[in-house]
Amino acid sequence: MLTGSLLTIAASTMILPAAATAEERDSFRLAWSIYAGWMPWQYIDESGIMEKWADKYDIDVEIVQINDYIESINQYTAGQFDGVVATSMDALSIPAAGGVDTTALIVGDYSNGNDGLVMKDSDDIADLKGQSINLVELSVSHYLLAQALDSVGLSERDVTVVNTGDADIVAAFNTDGVRNVAAWNPQLTDVMSVPGANLVFDSSHIPGHIKDLTIVNTETLAANPALGKALTGAWFELMAIMGTDTEEGAEIRAFLGEASGTDQAGYEMQLDGMKMFWEPADAVSFISSKEAVTAMEDVRQFSFERGLLGDGAPSADFVGISFPGDVILGDSANIKLRFDPSYMQMAADGEL
């Protein structure tokens with residue numbers, strides 16, 4: 001339960017972004033990286049859906065694939081892109097903690113099984129005590145591990161975390177010396193194919209904690225609402241087709257499967273590990289819920305405890321996070337991450 005010191009409901013004290021410092025423009029750039037929940041941006045780009053929506057608002061939107069996920073967020077933080085795809089934890093710990101006022105424009109999904117903790121020859125999380133776990137340190141896998149340990153009364157003091165690149169996780173687990181790993185798909189699926197592998201905890205146990213977002217610079221958005229309308233309109237036009245059992249929906253999923261290095265069946269399996277928000281109203285409902293706020297509370301506490309909010313952060317309250325309904329976590333005078341559903345609501349209301 002959130003306490004009064006952590007949760008502030010105070011619209012009168014909210015500091016709004018200084019839109020006057022951002023200029024009106026007609027050309028924008030969005031960066032994305034390969035993951036099932038973000039692959040749709042490639043189809044939106046190549047199919048002409050983005051161009052159609054950009055033309056509607058008399059702007060130009062360039063969609064750029066960046067192979068290195070963290071580097072794409074770093075480039076956004078440095079101002080090289082107006083928007084980027086990111087998990088909620090990374091949106092908080094990189095741009096927001098770095099002082100870049102950021103808006104979660106689109107809440108596309110949350111992980112609901114696509115992230116997991118796997119043990120070899122054991123199915124009891126309690127057996128991890130005294131053992132090592134290979135994972136990408138300070139990533140959502142690290143967060144998942146913390147949640148798993150807490151579920152059985154353990155903490156990170158009881159285990160050893162071994163920092164391992166996501167590209168090396170599968171190979172590591174195939175060796176005799178590595179008994180436990182945390183990973184996300186598609187690596188998680190490959191890890192599970194190793195003899196003796198047991199999935200002991202996955203993101204379905206913490207629904208809503210690992211959110212996949214399309215984030216944009218708040219000041220740029222305030223000065224250029226056409227960008228928000230075009231991106232949101234394009235996204236949910238595709239979602240309305242992609243999630244259906246129609247021939248067109250199947251063709252889209254096949255395209256995205258091939259583009260992500262698998263096939264239609266492989267891509268659909270990854271989609272099964274996510275709670276997709278095919279309808280904008282569902283995304284609005286989720287991000288406006290108490291559950292979404294509670295999940296972000298855990299994420300920000302984890303981020304502070306691991307130093308992800310910066311050396312100068314005295315507490316988890318250092319970075320303010322706003323939600324619909326004038327709900328604020330942290331410092332209301334330093335809001336740098338905003339879950340603003342207004343554009344998704346426009347999509348739900350047919351006003352884009």
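Colleague: How do the residues of the lining of the largest pocket divide into nonpolar, polar and charged?

Modeller: Eleven are nonpolar, eight polar and six charged. Keep in mind that this is a predicted model.

Colleague: How much space lies in that largest pocket?

Modeller: About 630 Å³. The lining has 25 residues, and the closest to the pocket centre are Ile34, Trp38, Tyr69, Asp166 and Trp184.

Colleague: Take Trp38. Where is it found?

Modeller: Trp38 sits in the loop between S2 and helix H1, which covers 40-47.

Colleague: Is Trp38 buried or exposed?

Modeller: Buried. Its relative accessible area is 5%, so Trp38 falls under the 20% cut-off.

Colleague: What is Trp38 in contact with, leaving aside neighbours within four places in sequence?

Modeller: Trp32, Ser33, Tyr69, Val85, Ala86, Thr87, Asp212 and Leu213. With Leu213 there is a polar pairing too: the backbone oxygen of Leu213 lies 3.5 Å from a polar atom of the Trp38 side chain.

Colleague: Val85, Ala86 and Thr87 are on that contact list. Which way do they point from S4?

Modeller: Val85 and Thr87 point one way, together with Gly83. Ala86 points the other way, as does Val84.

Colleague: How many residues of S4 are buried?

Modeller: Five of five, across residues 83-87. The strand is mostly covered.

Colleague: Which strands do bridges join to S4?

Modeller: S2 and S11. Two bridges join S4 to S2, residues 27-32, and that pair runs parallel. Five bridges join S4 to S11, residues 211-217, and that pair runs antiparallel.

Colleague: What about Asp82, buried or exposed?

Modeller: Buried, at 9% relative accessible area. Asp82 is in the loop between helix H3 (69-77) and S4.

Colleague: And what is Asp82 in contact with, beyond its neighbours within four places in sequence?

Modeller: Its contacts include Arg25, Ser27, Phe28, Arg29 and Tyr76. Ile215, Val216 and Asn217 are also among them, as are Thr220 and Leu227.

Colleague: Switching topic. Which peptide bond is cis?

Modeller: The one from Asn185 to Pro186, with omega near 10°. Pro186 is in the loop between S9 and H7. Asn185 lies in the loop between S9 (180-184) and H7 (187-192).

Colleague: How far is the Pro186 C-alpha from that of Trp38?

Modeller: The two are separated by 13 Å, and they are 148 residues apart along the chain.

Colleague: Which side chains make polar contacts with the side chain of Asn185?

Modeller: Asn114 at 2.8 Å, and Thr189 at 2.6 Å. Asn185 counts as buried, with 7% relative accessibility. Leaving aside neighbours within four places in sequence, Asn185 is in contact with Tyr35, Asn114 and Gln270.

Colleague: Backbone check. Which residues have a positive phi without being glycine?

Modeller: Asp121, with phi of about 65°, is one of them. Asp326, with phi near 60°, is another.

Colleague: Where are those two?

Modeller: Asp121 lies in the loop between S6 (115-120) and S7 (132-135). Asp326 is in the loop between S13 (320-323) and S14 (327-329).

Colleague: Are they buried or exposed?

Modeller: Asp121 is exposed, with a relative accessible area of 56%. Asp326 is partly exposed, at 34%.

Note on methods: Residues numbered from 1 in each chain as written. Predicted model: local features only at pLDDT ≥ 70, side-chain atom pairs only at ≥ 80, totals over all residues. Heavy atoms only, no water. Buried < 20%, exposed > 50% of the residue type's maximum accessible area, 1.4 Å probe, protein only. Helix = DSSP H or I, 4+ residues; strand = E, 2+ residues; numbered from the N terminus. Pairing = 2+ DSSP bridges. 1 Å grid on protein atoms, 1.4 Å probe; cavity = no way out; pocket = protein on both sides within 12 Å on 5 of 7 lines; lining within 4 Å. Points joined across faces, edges and corners; volume = space filled by probe spheres on them. Nonpolar A, V, L, I, M, F, W, Y, C, P; charged D, E, K, R; others polar. Contact = heavy atoms within 4.5 Å. Polar contact = N/O pair within 3.5 Å; in protein donor to acceptor, adjacent residues only side chain to side chain.
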